[in-house]
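Please keep the sequence and the structure in view while reading.

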Amino acid sequence: GGSSNSAYQKAIRAAEEAIEQLSDEFDTWLTEEVDRLDKAVTTLKTNGWNDDDKDVLFTISHDIKGQATTLGYPVITEICDTLCHLLEKAPDYTHISLNVIDIFASSIRSIIQQCQRGSENEKVNAISQGLRAMAMKILTHEIAQASQAKEEKETV
């Protein structure tokens with residue numbers, strides 16, 4: 001009891017208020033990053049694939065991946081991890097359909113707009129799992145194509 005308890009409660013309230021203010025700032029930051037992601041996708045659709053635009057897309061996705069869980073969106077972290085993996089591991093990223101990239105960006109935007117925080121939402125988890133499965137199919141196909149092309153080149 002007493003005044004020390006009162007000071008303790010005030011400190012807790014002050015910390016909670018600071019966290020709430022930071023949470024609002026983080027939400028704004030995340031929205032701005034997703035806006036940047038959307039712009040990067042639009043640029044790719046306009047210009048087609050090139051190294052610079054691919055690097056911008058990767059960097060934005062990687063930045064979101066690094067912060068989304070902290071902001072309460074672990075599924076967005078998973079989605080961005082999958083997108084980064086796809087961009088890094090594809091033998092020729094220019095073979096990745098821009099529609100696929102758009103699906104990633106749209107999924108992320110939708111999850112944020114619907115404020116689907118946490119990792120317990122079955123629908124959001126299904127989206128993440130579906131995107132991962134799609135990315136793995138693309139990578140498997142692209143790696144097989146690259147391997148076949150290499151073999152054909154070596155036999156000539």
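## Burial and overall fold

Of the 156 residues of the protein chain, 33% count as buried, where buried means under 20% relative accessible area, exposed over 50% and partly exposed in between, with a 1.4 Å probe and protein chains only. This is a predicted model, in which local features need pLDDT of at least 70 and side-chain atom pairs count only at pLDDT 80 or more, while totals for chains, interfaces and linings use all residues. Residues are numbered from 1 along each chain as its sequence is written, and side-chain values use heavy atoms, with hydrogens and water left out.

The secondary structure consists of five helices and zero strands, in the order α-α-α-α-α from the N terminus on; helices (H or I, at least four residues) and strands (E, at least two) are DSSP runs, numbered from the N terminus. Among contacts with a separation of 6 or more, 72% join residues 24 or more positions apart, a contact being heavy atoms within 4.5 Å. The accessible surface, from the Shrake-Rupley method with a 1.4 Å probe and, for residues, only the protein chains shown as cover, comes to about 9,400 Å², of which 51% belongs to carbon and sulfur atoms.

## Helix α2

Helix α2 (residues 51-68) has 18 residues and should span 26 Å, which agrees with the 25 Å between its end C-alpha atoms; the expected span is 1.5 Å times one less than the number of residues. At the start of α2, a side-chain oxygen of Asn 50 comes to within 3.1 Å of the backbone nitrogen of Asp 52.

The buried residues of α2 include Asp 53, Lys 54, Leu 57, Phe 58, Ile 60, Ser 61, Ile 64 and Ala 68. These residues lie on the same side of α2, because they cover an arc of only 165 degrees around the axis, the arc being that of the directions from the helix axis to the C-beta atoms.

## Thr 82 and its surroundings

Thr 82 lies in helix α3 (residues 74-89) and is buried, with a relative accessible area of 0%. Leaving aside neighbours within four places in sequence, Thr 82 is in contact with Phe 104, Leu 131, Arg 132 and Ala 135. The side chains of Thr 82 and Arg 132 make a polar contact (3.0 Å), defined as a pair of N or O atoms within 3.5 Å; within protein, one must be able to donate a hydrogen and the other to accept it, and residues adjacent in sequence count only if both atoms are side-chain atoms.

## Cysteines

A search of the whole structure finds zero disulfides, a disulfide being a pair of cysteine sulfur atoms within 2.5 Å. Cys 80 is in no disulfide, and the nearest cysteine sulfur, that of Cys 84, is 6.5 Å away. Cys 80 is buried at 0% relative accessible area, and Cys 84 counts as buried at 1% relative accessibility.
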